There are 2 protein chains.
Amino acid sequence: MLITDVDVLSAEGKLQIGVNVAVKDGRFCCIGKQIPDGDWGERINGSGLIMIPGLVNAHTHVPMTLMRGYGDDMPLDKWLFERIFPVEDKLTGDHVYWGSMLGIAEMIACGITSFSDMYYYCSNISKAVLESGIKANIGRGISCFDNTKRFADLPAHSELVELIDKYHKSGDGRILIDAAPHSEYTTRPDILFDVAEFAKMHKLRVQVHLSETRKEHLECTGRHGKTPARVLRDSGIFDLPVTAAHCVWLTDLDIEMMCEYDVTVAHCPQSNLKLASGIAQVEKMRQAGMKIALGTDSAASNNNLDMFEEMRTAALLAKGVSLDPCALPACKVLYMATRAGALAQGRHDSGDIKQGYLADFVLLDKHRPEMVPCHDVLSNVVYSAGAASVKMTVVNGRTLYRDGNYLTIDIDRVVFETKRCVSLLI
Amino acid sequence: MLITDVDVLSAEGKLQIGVNVAVKDGRFCCIGKQIPDGDWGERINGSGLIMIPGLVNAHTHVPMTLMRGYGDDMPLDKWLFERIFPVEDKLTGDHVYWGSMLGIAEMIACGITSFSDMYYYCSNISKAVLESGIKANIGRGISCFDNTKRFADLPAHSELVELIDKYHKSGDGRILIDAAPHSEYTTRPDILFDVAEFAKMHKLRVQVHLSETRKEHLECTGRHGKTPARVLRDSGIFDLPVTAAHCVWLTDLDIEMMCEYDVTVAHCPQSNLKLASGIAQVEKMRQAGMKIALGTDSAASNNNLDMFEEMRTAALLAKGVSLDPCALPACKVLYMATRAGALAQGRHDSGDIKQGYLADFVLLDKHRPEMVPCHDVLSNVVYSAGAASVKMTVVNGRTLYRDGNYLTIDIDRVVFETKRCVSLLI
């Protein structure tokens, strides 16, 4: 594939105007004014387009797209116990497959090329990922409420073993399997310890929820005499490469310690606002040197999977809360939504537009009203673009979405099947 | 026009499933399961669509769309004095016309059917409004920094007289001219008094900026020994029907007083965050009985004119700040974005889908991924829909936008001309 005369915006917000980008064997192999002769396959005129790195959704639960809008504006306990948990009790692998397909379709249309997920029926999620062409780090959520059981006794353990065997690095490496202890409050220190040992042995990365609500934070301090972050650290979890979602209620000492352990925070500002969890101190974390990626969380609490909105909310909220219009500038938030997410997923050759990197990218329409005029491409991308600006989404050099059409997903069938699933569930 | 089998969502969030909506002479003339026989003209199959009232953008400066992204992430003073003011110094009516057309095109594509504007070169804005088919309350911004001048001596006065004569109630009432004293800090009490008298005489409504920043609030208290809201009240401004934009720093007494005077607040949460002005206490104002509409503010400080995002930000922010997930529920925020805005504009037969009301509405695609599944239409509209969900925008029964195409605007020319304007300005 050869995209000619396109404006390329890097993960760090640097702009190259009117360059040619050649993609071969799924990777960027040439970016510049001159492109060596050769048969590059399809030629795309990029003169009205902006190329940005594919967006990485660093935290979601994609099958929960089935529960979009099922119980908004409710107290958290009532929402969980009367809406979410009863539906989850009835879920089958079939529901999870179609819910995942729906969420993946939405993400692809919004320019997302990779996501990190934590849920169950993960083989069905993996199937949807393989078929759709997107990338994902898939974590089988691990929780335990039975004091007689250890990690090795849990269904999550045997499922994780099977997932690693069947899906880890499958689809040309598009799928990576992560270890995913759900949180401090849904596990125990010994479970966390065993998960950490397991992850070390299998060289897995870790996804975990951390300090999402004030209640979680206070109850943990009551239970263990230390914060949830300290519990994770003391159980050996932070010895692995970890992505910790939310981190709304971290203490200053937590932040300092997590910087030392090189933990990545998956900041989910829209979900945190909607569930009234609070506002993460993202600017303080950033200035302390914390690695920060961005996530939508699930459509049950967001309610869409649009990373453009998530970038905007992150940047605007940081400014509004600090009363500093220079807080969390556009270049930092674009990096969080792209390269920082890819690194959190352990995808070191993804998340930016560089020679040799995997060709995950999005083409945006320069001539949509919201992209005009163009004083600053970066500003338009972060502060104005949206799903409607996306012309094309490409993963590993393969086009998944173009001009409103899906190339790997039968969207009519997905809509039909998700409606069928929902009618059985609710 | 007859739209059959469509799901209709009222401004208050009430849903009618699969009804027929007939439009005649620019008004809704029949809404129900049965529609009297007759020639209704074009017939639209609404079975995959949701009809919502047209969105009303209660505060913007549409020509400033030319300055979208021109100076983000900068201190406020630097942004104003080094970026915005120098460009505004060079603006001509031609620039204002094309900037307005660009902003109007963006708004129409986002489902906005009416907006309230405050700027200058208002005859050029009016021209764009008349040609595009949208509705607008247009205010000629009034400010005065010369102590020897009174309101009657200002160019804004003579322009306002001319605007009323030429454009007030023109385009079948689509244009209304408002009196628009810019703010307390850019005028004087005697100017405000004269504007109030003028507005009373000409039966105009008033648009004004109020307590946007802490600095404004504190300096006013220092200058006058009272808050900006009290200055407006004491100058007689609040004796008129007023829309006050921002209201971030109102005191409790201000809120109480403004409820008595029936002032409508134009809440602009995204602009307030981005310029780091702060977070308006919208839930407190609402519970005190204040009328609240929603506005995007200009694209120079937002940076898009998307009211779906504005609804979402308003609702999410209210929950996140209060730590109450039930704060500002979806039905309230939809009302703010529709009927409350129309009432603030003095358009009593607009802003809702009711027999006899002017037919300003938006059709949304029920089958886009972000609108599936549909546990709750209202939730999907407020918490998930976006510009990409909009299929059709109709004002006074006239279709302005359909399936990505403009019916009244030559968008290629608008994009071309705005680029030309910008190249001359910057």
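1. From helix 2, G93(B), V96(B), Y97(B), S100(B), M101(B) and I104(B) meet N124(B), I125(B), K127(B), A128(B) and S132(B) of helix 3; contact here puts C-beta atoms, placed from the backbone, within 7 Å. Those contact residues split into six nonpolar, four polar and one charged (Ala, Val, Leu, Ile, Met, Phe, Trp, Tyr, Cys and Pro count as nonpolar, Asp, Glu, Lys and Arg as charged, and the others, Gly among them, as polar).

2. A word on the model: it is predicted, with local features needing pLDDT of at least 70 and side-chain atom pairs counting only at pLDDT 80 or more, while totals for chains, interfaces and linings use all residues. Residues are numbered from 1 along each chain as its sequence is written, and chains are lettered from A and ligands numbered from 1 in the order in which they are written.

3. Back to that pair: helix 2 (residues 93-109) and helix 3 (residues 122-132) of chain B pack at about 40°, axes 8 Å apart (axes are lines fitted to C-alpha atoms over the stretch in contact, and angles run from 0 to 180 degrees between N-to-C directions).

4. Now the contact between the chains: chain A and chain B put in 55 residues each. On the chain B side, helix 12 (307-322) is among the helices supplying at least two residues, and helix 12 of chain B gives the most, with six. That side of chain B divides into 28 nonpolar, 15 polar and twelve charged residues.

5. Finally, M51(A): leaving aside neighbours within four places in sequence, its contacts include I3(A), V21(A), F361(A) and L363(A).

Technical notes: Helices (H or I, at least four residues) and strands (E, at least two) are DSSP runs, numbered from the N terminus. Two residues are in contact if their C-beta atoms, placed from the backbone, lie within 7 Å.
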